[in-house]
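Here are my notes for you to read alongside the model. Please keep the sequence open and find each residue as you go.

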Amino acid sequence: MKTLSVNDMPCGLLLTDINCNILQYNDPFATMVDFEQAELVGKTFIDILAPASRIFIQTHILPTLLEKGSIDEIFFKLYSHA
């Protein structure tokens with residue numbers, strides 16, 4: 001059985017650690033936010049969020065993840081160079 005990588009996924013995918021540091025992402029995600037690979041290296045998920053989404057993740061999402069361990073669905077507005 002073949003092991004899948006994030007680039008095998010047809011949709012944008014971003015993986016972070018608990019501190020929101022970007023660990024891995026796929027090409028569809030980079031295309032979606034119109035960042036070059038080098039621009040995403042060293043950034044956190046917070047860095048690429050629009051201001052309202054940034055506040056939402058810091059005040060609701062992160063505390064909920066720490067308390068409950070999961071969230072079923074989230075909508076974010078991301079920055080884009082486009």
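**Notes on the predicted model**

1. Let's begin with C20, which is buried, with a relative accessible area of 5%. Buried means under 20% relative accessible area, exposed over 50%, and partly exposed in between, using a 1.4 Å probe and protein chains only. C20 sits in the loop between β1 and β2. Although C20 is not a glycine, its phi is positive, about 70°.

2. A word on what you are looking at: this is a predicted model, where local features need pLDDT of at least 70, side-chain atom pairs count only at pLDDT 80 or more, and totals for chains, interfaces and linings use all residues. Residues are numbered from 1 along each chain as its sequence is written, and side-chain values use heavy atoms, with hydrogens and water left out.

3. Now the overall layout. The protein chain has three helices and two strands, in the order β-β-α-α-α along the sequence. These elements are DSSP runs numbered from the N terminus: helices are H or I with at least four residues, strands are E with at least two. The C-alpha trace spans about 35 × 35 × 20 Å along its principal axes. Of the 82 residues in the protein chain, 27% are buried.

4. Which residues have the most contacts inside the largest nonpolar core? They are L14, Y25, F29, L40, F45, I48 and I57, in a core of 16 residues. Two or more core residues come from each of β2 (22–25), α1 (27–33) and α3 (51–68), and α1 gives the most, with three. A nonpolar core here is a set of buried Ala, Val, Leu, Ile, Met, Phe, Trp, Tyr and Cys residues joined through side-chain atoms within 4.5 Å.

5. The buried residues of α3 are S53, I57, I61 and T64. After α3 comes G69, with a positive phi near 90°.

6. P63 is also in α3, and at 36% relative accessibility it counts as partly exposed. P63 and C20 are 43 residues apart in sequence, with their C-alpha atoms 13 Å apart in space.

7. For contrast, go to T3, in the segment before β1. T3 is exposed, with a relative accessible area of 68%. Its C-alpha atom is 20 Å from that of F29, 26 residues away along the chain.

8. Finally, the largest pocket holds about 540 Å³ of space. Among its 24 lining residues, the closest to its centre are L14, T16, F45, I74 and F76. The largest share of the lining, four residues, comes from α3. A pocket is an open set of points on a 1 Å grid over the protein atoms alone, where a 1.4 Å probe fits, with protein on both sides within 12 Å along at least five of seven lines; lining residues have an atom within 4 Å of a point. The volume is the space filled by probe spheres set on the points, which are joined across faces, edges and corners.
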